[in-house]
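Visitor: Hi, I'd like to go through a protein model with you. Can you show it to me?

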Amino acid sequence: MKNFLRAGAASLLLISLFCLCPRPTRAADIPLEQQARSANVTLYTFSGEKWITLPDLAFLLKGSVNHHAATGRTELKFSKHNLVLLPETNKVLYDNQVQEMKQTPRLVAGVMAIPVNFATYLLNLAFIPADQRSETTFRPVPSGAGKTEGRESAAGDTGLPENVTLQPGIAELISKTAAKSEIVLVLDPGHGGHDSGAIGSIRGLEEKLVNLDLALRLENYLKNRPKLKIFLTRKDDTFVSLPDRTKFANDNNADLLISIHTNSARYNRYTADGFETFYPRSKAAVLASNVSLETDEIAALLTPPSGDRVIQQSQFLAAHIQERLASWLITPDRGIKKANFWMLKESGMTSVLVEVGFICNPNIEANLQQPEVRQAIARAIGEGLENYLDAKPLKSPISVGGSVVEKPDNE
Ligand SMILES: [Zn+2]
C-alpha cells in the first residue's frame, strides 16, 4: 500500500512535467511500448511478455489511479475511459464492459500491473466492432448449446450425477396437483427493504432488486398458463420476514413455492460461479391439501410418510428447474442440493429455493444487470415448473447433493 502511494505520487509529478511536451491526441496512434520507451517508463517481463504497472499506464495516458485497500480494487481513469481491476480475477471492467485477460493481474513493487498487449487491446477497443470483442458474459445461449461447459462445475461443489426418479405414488401426487381446478403458486423474491441481500462487488447491485425483477418476470411468463394462480410474497422493495413469507404461502394454501435468490460467497468472491437449486431436507409440517393420496390402506402403507412425499416432489421440481437453467446458461451447473433453509422447512408444500448466480462475481453481477439475462433466467425457471406439472421426464442425470458452499445470508 505504501509502495502504491509512492508510485502514485511520483506519477503525479511526472505527469505535470510530461504535459509540457507535445503528445499524440490518440493513444492508439503510437504503440504503447514505444510510448513507454520514449517516456522512460519501465516495462517488466514475465514469462516472455511485457507488463506495465497501472500508475505508469496512467502516466502515459494522462490519467489517474485509485486503489481501494479494503476491496483490493484498482481503478484507472483516463480521458473518458475507466478500467477496474480486482486482485484475484482475470476479468476486468473496461467502460462498463467485462473483458478478459489471459492472466490475472500481477503485483509489481506493490502495485498492479497488466500485460502491455492487453492494455493495447483496450486502447484499440474503440476501433474494434462490438461483435469481435472478447467480451465474456454468460449471455443466454440457445437450448442445449452451453450444456457441456455448464456441466464443468468444480469438483467437490456438486454431488454425483443421478437419475432423479420418482418413488411410488409421487407421480400420482404431481398429476393430482396438475389436475386441480386451481393450482396455487407462491413466488418468493428473497430479501427486500432494509435487507438488501448480497451486494455485487463492483457496481453494488443489490440482490433484493434482482430477485424481485426475476419474480415479476416469472409471474409474467406464467400468467397465461391456465389454472395457475400466482401470489408473490412481495411485489415491491419492502421487507417481509421469513416467518411472514412461509405463513403467507401456508395461509394461501399454496401447492408450490419457488423462492428466488442470487448467491454470494465468503471466499473466492470474484470467481465463485454457477447456479443451484435447493429442496427441503425436512418439513416441519405439511398442509393437508398437499399430501392427500387417495389410495387404499395397503398402498398407503407402501408410500413414504407425507413429509417425505412432499420432499420428493420438491426434489423433482428442483431437478426440472435446474435442467432448464442448465440449458439457458453457460455458467457452471452446481446441481440440486438438500437444505434446511427456513423457506423450505417451514412451508407446508412442494418448495424449492433457486440461487441463480453469484452476484459477488463481477462478471455475473454485470450480467445480472442485463434485462435479456434476467428474462432468460425467469423463463428457465418457468419452463422447469411447466415440465414438472406436465409430467415431462428429466432428460439427463442431475447432480444431486454435494457441499452447500455457503448458506445464503438470511437465505
Ligand atoms: Zn439471498
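**The zinc site**

Guide: The zinc ion has three kinds of protein donor atom listed for it: H191 (NE2), E207 (OE) and H261 (ND1), lying 2.1 to 2.2 Å from it. Donors here are N, O and S atoms within 2.8 Å of the metal (3.2 Å for Na, K and Ca), and water is not among the atoms, so sites may look incomplete.

Visitor: How are the donor residues of the zinc ion spaced in sequence?

Guide: The spacing reads H-x15-E-x53-H. H191 sits in the loop between β11 (183–189) and α7 (207–222), while E207 is in helix α7, so this pair ties together parts that are 16 residues apart in sequence. Those labels come from DSSP runs, numbered from the N terminus: helices are H or I with at least four residues, strands are E with at least two.

Visitor: Are H191 and E207 buried or exposed?

Guide: Both are buried. Buried means under 20% relative accessible area, exposed means over 50%, and partly exposed is in between (1.4 Å probe, protein chains only).

Visitor: Okay, what kind of model is this?

Guide: It's a predicted model, where local features need pLDDT of at least 70, side-chain atom pairs count only at pLDDT 80 or more, and totals for chains, interfaces and linings use all residues. Residues are numbered from 1 along each chain as its sequence is written, and side-chain values use heavy atoms, with hydrogens and water left out.

Visitor: And what does the chain average for pLDDT?

Guide: The average is 79, and 77% of the residues score at least 70. pLDDT is the predictor's confidence in each residue, from 0 to 100.

Visitor: Where does pLDDT stay under 50?

Guide: One stretch is residues 128–158, for which the model has 71 contacts beyond four places in sequence. Another is residues 403–410, with 19 such contacts. A contact means heavy atoms within 4.5 Å. Where pLDDT is low, the predicted coordinates should not be read in detail.

Visitor: New topic: strand β14. Is it enclosed or open?

Guide: Six of the six residues of β14 (residues 275–280) are buried, so the strand is largely enclosed by the rest of the structure. F275, T277 and Y279 point one way, and E276, F278 and P280 point the other. In a regular strand the side chains alternate between the two faces of the sheet.

Visitor: Which strands is β14 joined to by bridges?

Guide: Five bridges join β14 to β15 (residues 333–339), and these two run parallel. With β16 (residues 350–358) there are three bridges, and that pairing is antiparallel. Two strands pair if DSSP finds at least two bridges between them.

Visitor: How many salt bridges does the structure hold?

Guide: There are 12. A salt bridge is a side-chain nitrogen of Lys or Arg within 4 Å of a carboxyl oxygen of Asp or Glu. One of them joins R334 and E276 (3.0 Å, N to O). R334 lies in β15 and E276 in β14, so that pair ties together parts that are 58 residues apart in sequence. Both residues are buried.

Visitor: What about D251 and K247?

Guide: Their side chains meet in a salt bridge too, at 2.7 Å, N to O. They are four residues apart in helix α8 (residues 242–251), so about one helical turn separates them. D251 counts as exposed because its relative accessibility is 53%, whereas K247 is partly exposed at 47%.
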